[in-house]
Amino acid sequence: MITLTHASLLSALFGSALGAFYTDPSQLTKKSYDFIVVGGGTAGNVVAARLSENPSVSILVVEAGVSNTGYRSELVTIPFFGPQASVNSPFDWNYTTVPQAALNNQVLPYYRGYVLGGCSSTNFLTWTRGAKDDWDKYATLIGDTSYSWNNMLKYFKKSETWTQPVDGHSTTGQYSPAVHGTNGPIGVGVTPQLSPIDSRVLQTTQQLPSEFPFNLDHNSGQLLGVGWLQSDVKGGARSSSATGYLTPALNSRTNIDVLIQTRVTKLIRTGTSGGLPEFKSLQIAQKPTSSPITLTANKEIILSAGSINSPQILMLSGIGDPVTLTNAGVNATVSVPDLGKNLQDHPLIFAQWQVPDNASTFDPISLNEDPNAMPNALAQWTANKTGILSSIGSNHIGFFRLPANSSVIKTYGDQSAGPGSAHYELAWQNGFVSVGQSFPTSGKYISNIHVLNAPTSRGYIAINSADPFKAPTIDPNFYSTDFDLQTMIYAVRSAQRFIRAQAWNGYALSAYSDSAAMFAPNSTDADVIAYIRKWTQSIKHPMCTAAANKDSSKGVVDANLKVRKISGVRIVDASVFPFIPSSHPVAGVYGLAELASDKIKSAYGL
């Protein structure tokens, strides 16, 4: 156990500070707070920071994971290292899935942030809010117009500050200033490192505009088309909820405390309120052998532990599907059958193309060829936060729909939120990038990323033991519907048409060996399916396991994100989305957390 006082420890980790930072429950100086936020991740840090704006209330954030500073923190700080932040690192829960039937029964890694900032500290740094149609459908399903795009836009802007790239290049024509914030905690901007393939991507939008139109700004509510990728990077470093929301609050306020490396093992019933069982206390522990400590929230507990851990904590507390709880050896006291159900995620696959040997690429292959490349890049980033390491590697991204006359739509119908929502996503990177594939030892490559954005497959998360330190069962159930598989096939074919545009003539020479059969001119759907089944991974977007719904017989939380059938507990994280957005979710989670903060403040007159 670290024996520094919380004040000196916080100073060591964060600099001068006023809030208290604890690494062990024994350091706590009190056992009750007005609000206890469970999870110092993307949403939890937003809520904690916003509530702490009122000096009359006290807030404790309990985070299971580690600090985002210190040991190996370069993985959660340097943007280019984003894909490595979850792999064999101290910042991940190291979860795995059950065997995936549609993926040759493979067991997949299921990355979740185990660090202050949560997945905002470990994700791929892709900043998209979703389509207007996504949010308008949320408002309809939840029965609350505050979730509509027109209302959410102010919360999206509130969460961000548009940041000019550190390389100083002109961003004219790369985004729309009108739709972005100028005074929020999270820095957002386009790439600080232009790439040799940028011009080819943009030329393709001009040569094939009907399928690949240019979109000035994906965050305008109009999601579709190819545009400059925006990322949550500020001054050449990752901008997370830990750096943007939590640290400034700790450094300026005395009413917010943080406890890390500590798990909430269950909620404790404290009485009855309004005819409902009230849960305003919880137990915490650092190890299975630790004696649990009970903490109490005077006003409410806010679960922001994410789509896996928020349902897990409720289930361990006897709240959830009675059959699931009984099978796990937990006494079921409150029946919430949908808890843990409706798990949705975006599956992705990578594919690569070989390019000329004289091409300028940046990946592990080029680093091996030039042993000075990484030391030089690190020296440059350390000196002034510029260079290739200040970027996330991808400069453009595209969101697309299946044509209305496609066989997929004709057979299965449109499964998206509306005509402005995406069915699939493509992105391009100047180098060899993948999850799971072996990297070649030589050659130059570019990579194509394919994502299924409107999945109809539904999985689940469930506890399998009463032990809070045992990982839950996780089943994303990828490609359990024909719609999903056929849409990913279409995405692959679409990427094939993109890379065969005139702009790539003489540059994209041949497909990498793993994908050669899939990209062959005479390839069949069977070739594509074989590749999909072998190489699909999660893009790290599990959502919807505690969904909000206006129908009191469905979902888990109401329009104010209060857990149904109990009192004293609210959920604010990605689990409450009714369905997964047709984009990367982090910007949407920030926006939802800003809205939730206002709802909580209003409920208590803060």
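1. How many residues lie between β12 and β13 in their hairpin, and which residue in the turn has a positive phi? There are two residues between the strands, and Gly274 in the turn has a positive phi of about 60 degrees. Helices (H or I, at least four residues) and strands (E, at least two) are DSSP runs, numbered from the N terminus.

2. A word on the source. This is a predicted model, in which local features need pLDDT of at least 70, side-chain atom pairs count only at pLDDT 80 or more, and totals for chains, interfaces and linings use all residues. Residues are numbered from 1 along each chain as its sequence is written, and side-chain values use heavy atoms, with hydrogens and water left out.

3. Strand β12 spans residues 263-273 and β13 spans residues 276-285; nine bridges join them in the antiparallel sense. Two strands are said to pair if DSSP finds at least two bridges between them. Arg269 stands opposite Phe279 in β13.

4. The largest nonpolar core has 95 residues, and Leu282 and Leu561 are among those with the most contacts inside it. Helix α15 (residues 586-604) gives the most to this core, with nine residues. A second, separate core of 40 residues includes Leu426, Phe478, Tyr479 and Ile532. A nonpolar core is a set of buried Ala, Val, Leu, Ile, Met, Phe, Trp, Tyr and Cys residues joined through side-chain atoms within 4.5 Å. Buried means under 20% relative accessible area, exposed over 50%, and partly exposed in between (1.4 Å probe, protein chains only).

5. The unreviewed UniProt entry annotates His541 and His584 as "active site". UniProt positions are given in the numbering used here, feature names are shortened, and annotations may be inferred rather than shown by experiment. His541 is in the loop between β25 (537-538) and β26 (569-571), while His584 is in the loop between β26 and α15.

6. Are these two histidines buried or exposed? His541 counts as buried because its relative accessibility is 8%, and His584 is buried at 5%. Not counting residues up to four places away in sequence, His541 touches residues including Gln344, Asp345 and His584. Contact means heavy atoms within 4.5 Å.

7. Tyr507 is in the loop between α12 (482-499) and β24 (510-511). Its relative accessibility is 8%, so Tyr507 counts as buried. The C-alpha atoms of Tyr507 and Pro356 are separated by 6.3 Å, although the residues are 151 apart along the chain.
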